[in-house]
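This report describes disulfides, helices and aromatic contacts in turn. The sequence and the structure are shown below.

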Amino acid sequence: MKREAGGFDLIAISLVVALGLSLYVGRMQAAVTLTPESRLLKRQFYKKLNTCDNVEAYVKHQVQLWWNQDKSITAKLLKLLYADCMVNGCDASILLEGPHTEKKAPINSGLDGFLLIDKIKTVLEQRCPRTVSCADILNLAARDALHLAGAPSYPVLLGRRDGVQSNEAWVDLPSPSISLDQGIAYFKSKGLDEQDYATLLGAHTLGKTHCANIHDRLYNFNNTKKSDPTLTKSRVAELKGKCPQSLKKGQKDPTIFLTEKNGHRYRFTNNYYSNVRSYNTVLRVDQELLYNYNTTQLVLEYAAEFELFRKEFALSISRMGGLKVLTGKQGEIRRNCRFTNN
């Protein structure tokens, strides 16, 4: 496995991953660096400016307190970060309130984790008024929550500023029924690559999904009125037992863990890739990773080597965290993450 070279500030991740991937040279060309926009971000940005020396410690402490009470916060923050960065760049626009904001888009209806971001912002505004952006807070909080769940504690480059617009019409997040080719094309349109796609889907080792997202797969796959033939009969029976064909009046759409072996513990593991390899996934989008040679190889490698997955996930989420960032005099530093300063 080899990713294209390019300069950036995060040398530590680059060297670690390059060493870890040296055994896989020749399978696919993919990036081993952060996205070009990340070059304007810096490690310990606030400390170097002497504006908020302990910002990372403050964030980490608040995340730890919350995680001690609610382990699901890791999955919630990951969804928030993805919904923010992959739509209009990492500008914390997903946090803005309003009738036609990104938060109100139907595909974002189940997002959570906003209260923790509010708590962290309140603490930082008391210690470092009008200094730390909500966008940086979200990236740091997601990193710290991931680490508590079992992921590596990777460096986060800082210096993002917050966006001042959020438009529901901008939201182009793909549905869980998207095909493999469509998913890869979507990632490439944002500045990421095939390996980022297969790696970041590994976040499905955490969290849940609504039964509505697999209803067609269980009851009318490709309009056949049958189940997805790649699912075993026992798996179909198990999922149908949790996701009925029709809901009773007033019944809420049930949710199920995406990786049941450790789902309730919200642990960051490579069980997701073992499920993909065994044709045992919940979402069709996950199973389709086996329909492409390069992504199949990644599935096999990640399923066999957890440390490789951990290192690669740290790189891919760092790459996502640098998409279309606002820096310098762009955007603003919001005083309240839910509203622009005006």
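## Disulfides

The link between cysteine 52 and cysteine 128 is right-handed, with 60° about the S-S bond. The model is a predicted one, in which local features need pLDDT of at least 70 and side-chain atom pairs count only at pLDDT 80 or more, whereas totals for chains, interfaces and linings use all residues. Residues are numbered from 1 along each chain as its sequence is written, and side-chain values use heavy atoms, with hydrogens and water left out.

The structure holds four disulfides, a disulfide being a pair of cysteine sulfur atoms within 2.5 Å. In the disulfide of cysteine 52 and cysteine 128, the S to S distance is 1.9 Å. Cysteine 52 lies in the loop between α2 (45-48) and α3, and cysteine 128 in the loop between α5 and α6, so this pair ties together parts that are 76 residues apart in sequence. Helices (H or I, at least four residues) and strands (E, at least two) are DSSP runs, numbered from the N terminus. Cysteine 52 is buried at a relative accessible area of 2%, and cysteine 128 is buried at 6%. Here buried means under 20% relative accessible area, exposed over 50%, and partly exposed in between (1.4 Å probe, protein chains only).

The sulfur atoms of cysteine 85 and cysteine 90 are 1.9 Å apart in a further disulfide, which is right-handed with 120° about the S-S bond. Cysteine 85 is buried, with a relative accessible area of 2%, and for cysteine 90, also buried, the value is 0%. Cysteine 134 and cysteine 337 form a disulfide with their sulfur atoms 2.1 Å apart. The torsion about its S-S bond is about -95°, so the disulfide of cysteine 134 and cysteine 337 is left-handed. This pair links distant parts of the chain, with cysteine 134 in helix α6 and cysteine 337 in the segment after α14, 203 residues apart. Both cysteine 134 and cysteine 337 are buried. With bonded cysteines counted along the chain, the disulfides follow the pattern 1-4, 2-3, 5-8, 6-7.

## Helix α4

Helix α4 (residues 73-88) has 16 residues, which at 1.5 Å a residue should span 22 Å; the end C-alpha atoms are 23 Å apart, which agrees. The expected span is 1.5 Å times one less than the number of residues. Twelve of the 16 residues of α4 are buried, so the helix is largely enclosed by the rest of the structure. Among them are Ile73, Leu77, Leu81, Asp84, Cys85 and Val87.

The buried residues of α4 pack against α3 (55-69), α5 (114-127), α6 (134-149), α7 and α14, where contact means heavy atoms within 4.5 Å. Just after α4, glycine 89 takes a positive phi of about 90°.

## Helix α10

Which residues of helix α10 (residues 233-242) are buried? They are Arg235, Val236 and Leu239. These residues cover an arc of only 100° around the axis, which puts them on the same side of α10; the arc is that of the directions from the helix axis to the C-beta atoms. The elements covering the buried residues of α10 include α9 (215-219) and β2. Exposed residues Lys233, Ser234 and Gly241 are carried on the face of α10 turned away from its buried side.

## Aromatic pairs and charges over rings

Rings of Phe, Tyr and Trp (its six-membered ring) pair if their centres lie within 6.5 Å; planes under 30 degrees apart count as stacked, over 60 as edge-to-face and the rest as tilted. By this rule, the count comes to twelve aromatic pairs. Phenylalanine 187 and tyrosine 197 form an edge-to-face pair, 5.1 Å centre to centre with 80° between the planes. The pair links distant parts of the chain: phenylalanine 187 is in helix α7 (residues 180-190) and tyrosine 197 in helix α8 (residues 194-200), ten residues apart. Phenylalanine 187 counts as buried at 4% relative accessibility, and tyrosine 197 is buried with a relative accessible area of 4%.

Phenylalanine 268 and phenylalanine 313 also form an edge-to-face pair, at 5.1 Å centre to centre and 65° between the planes. This pair links distant parts of the chain, with phenylalanine 268 in the loop between β2 (255-257) and α11 (271-277) and phenylalanine 313 in helix α14 (residues 306-320), 45 residues apart. Both phenylalanine 268 and phenylalanine 313 are buried. One aromatic cluster is formed by Phe268, Tyr272, Tyr273, Tyr302, Phe306, Phe309 and Phe313.

The charged end of lysine 71 sits over the ring of tryptophan 67, 4.4 Å from its centre. Lysine 103 lies over the face of phenylalanine 114, at 4.0 Å from the ring centre. A charge sits over a ring if NZ of Lys or CZ of Arg is within 6 Å of the ring centre and within 35 degrees of the ring normal.
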